[in-house]
Amino acid sequence: MDEKELKGLAKLRYIFFLLKPFWKYGKTYVIVTVLMSALLQPLATYLTTLLPKAAIDGVVAGVQRQEILMTIGFYTIGIAVIALAQKVVELTYTQLAQTKISNKIKNDVNEKALFTDFKYYDNPEFFTKFVFAQQQYPMQSHLTMQMFPQVLQGIVTMVAMGSIIVSAGPMLLCVTVFFVILNALLGIPTLKPEADFQVKYTEVWRPFYYVTQILMQKENAAELRSSGAGQKMLRVFNTVTKNFYDISIRFIKKTIPFRLAQGLISPIQLSCVLAYIIIFVINGDVSKIGLYASLTAASSALVSSLDSVYSTINNMLRNALYGERVAAFFEAKSEIEPIALGKLPPPKGSYEIELHDVSFHYENAAFAIEHLNLHIQAGQRVAIVGENGAGKSTLTKLLLRLYDTTAGEVLINGKNIKEYDVHALRLHIGVAFQDVRILAMSLRDNLTVYHDLPDDQLMKVIEKLGLGAVVEKADGDISKMISREFTEDGIVLSGGEAQRVTLARLFTGSFGLLVLDEPSSALDPLAEHKLMQNILDASNSATTIMIAHRLSTVRDFDTIYHVENGKIIESGTHDELMASHSKYYEMFMRQGQNYQVSEVNE
């Protein structure tokens, strides 16, 4: 066996990969499906094949009409009972079981995505694999599951039909099998092009789905109409359509010769089988006319069964290619996100933070943090400022352990962050990102993503953050849905309201650390001032790190760190940094001048 054949056999393991969820989530379904396919359907085919012979033989032999009708009725009742049993099982069990298992498979994909390390989201190829797995895993698992009962059903049916045909002569069986094998062989060269086409389809249509999503979002409507963005989106759409057309043409060119040849086989096969029966089996003997009818039906059923078996085997080879591509998504190795036993629970109280000789760099990117040292006392309020791309947000991701350091350690209360249960720890690190993400859930669920809170205490948080107008929009019902993603009467929030909702999450429970990444960018100056008062309030004992672009928001913080190119270039209080006439001073004065100019222009 050469290397190519060994690789082909190795890929068969992906068939079992696709079958695994059905056995995991639906053992009863598997057993019921196999029994129905191996017993009931072949029995129905056998009775259907013998029915013409029994009826016609009765007519030729001069049997009374009543007896012939009784024979037909007997066979018909048997066939009908089997069909009814299959339909009852399908409607009352198999369809529901298939849906349940399919949903569990989709959840496996979502769960894998959620517990895959954040670094993979920097790679566009990961999203292609994710989309492919989401679209194809449930369907291909189901199709693969159906293949084994189909093969079993085909084999049992072939044995039954073969026994009928062989009684008239083995040559007829050989003629039938020859054409089926020929048809199957012609289908093999199309397997890889079909699988490759499906993968290319997923890749090409990703921009199509993106454009559709952009056009469906109300918040994009103004920009699309007030600029050339809408026309550019349409050009993207048209480009995707053309690319898909080109890929389809290439696919058709590769497969059409084999598909045309397969189309010619069926009529030739039927003519050869009928000619053989009439010339060599019946041979002018009218008494064998019933045998002719049954042999024709048996031959047709045998062809169908053989074709089904070979087609199923070919589909298994194709599904192995699908399974390989789906498995590639699940094979992404993660070190951070998978749930690990034996980890420390998050510490109580405010967190002491230390970055000890930390270095970090992104894959395929020039940016890097080199030998960074930073020590923040428990309960301290510090600000990290700098130009865009200086590394401020990267520090946030390291503190959340979305990334692991390339070198050095991130310590919380003197222990390496890797020693903690990362998922439990994150629930005690409250984060407000500049890029606001409001979820299509109820107002209550949006506010309690970190910690559940009784409604009366939740209302106090709402009042504290100035969200009374949002509650009014909800008619006083905090269980009302935010956004109109799923319901027409959902609450629509302004940019400032959305930002306040995300900030309110940080006041719903006990946090050891708060990380605020430009949290007030959508707020007016008065609302921003009130927010700073709440954050710096003595009742807020959490260690607080503010990532800021607007330096006016961090004047009252204990320490300000100025970051540039992944390094701390200066630190101190606002007054100290202003007195030093350093780069911070230059930034602050420049922003102040810009702010004054904008006020004059207004």
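**The sheet and its contacts**

Mentor: This is a predicted model. Its open sheet has 6 strands in the order E6-E7-E8-E3-E9-E10, with mixed pairing.

Trainee: Which are the edge strands?

Mentor: Strand E6 (429–432) and strand E10 (567–572), each of which pairs on one side only. From one strand to the next, the twist averages 20 degrees.

Trainee: How many bridges join E6 to E7?

Mentor: There are 4, and the two strands run parallel. Ile429 stands opposite Leu513 in E7.

Trainee: What does helix H11 lie across?

Mentor: Helix H11 (residues 392–399) lies across E3, E6, E7 and E8, and runs at about 150 degrees to E8.

Trainee: Switching to charges. How many salt bridges are there in the whole structure?

Mentor: The search finds 10. One of them joins Arg590 and Glu387, with the closest N and O atoms 3.2 Å apart. Arg590 is in helix H19 and Glu387 is in the loop between E3 and H11, so the pair ties together parts 203 residues apart in sequence.

Trainee: What about Glu564 and Lys583?

Mentor: Their side chains also meet in a salt bridge, at 3.1 Å from N to O. Glu564 is in strand E9 and Lys583 in helix H19, 19 residues apart. Glu564 is partly exposed at 27% relative accessibility, and Lys583 is partly exposed at 41%.

Trainee: Last topic. Which residues make the nonpolar surface patch of about 460 Å²?

Mentor: Tyr245, Ile249, Ile252, Ile256 and Leu260.

Trainee: Is Leu260 buried or exposed?

Mentor: Leu260, in helix H9 (residues 229–282), counts as exposed because its relative accessibility is 56%, and the cut-off for exposed is over 50%.

How values were computed. Residues numbered from 1 in each chain as written. Predicted model: local features only at pLDDT ≥ 70, side-chain atom pairs only at ≥ 80, totals over all residues. Heavy atoms only, no water. Patch = residues over 30% accessible without salt bridge, like charges linked within 9 Å, V, L, I, M, F, W, Y side chains within 5 Å. Areas by Shrake-Rupley, 256 points an atom, 1.4 Å probe, with all protein chains shown as cover. Salt bridge = Lys/Arg side-chain N within 4 Å of Asp/Glu carboxyl O. Buried < 20%, exposed > 50% of the residue type's maximum accessible area, 1.4 Å probe, protein only. Pairing = 2+ DSSP bridges. Axes fitted to C-alpha atoms, helices over the stretch in contact; angles between N-to-C directions. Contact = heavy atoms within 4.5 Å.
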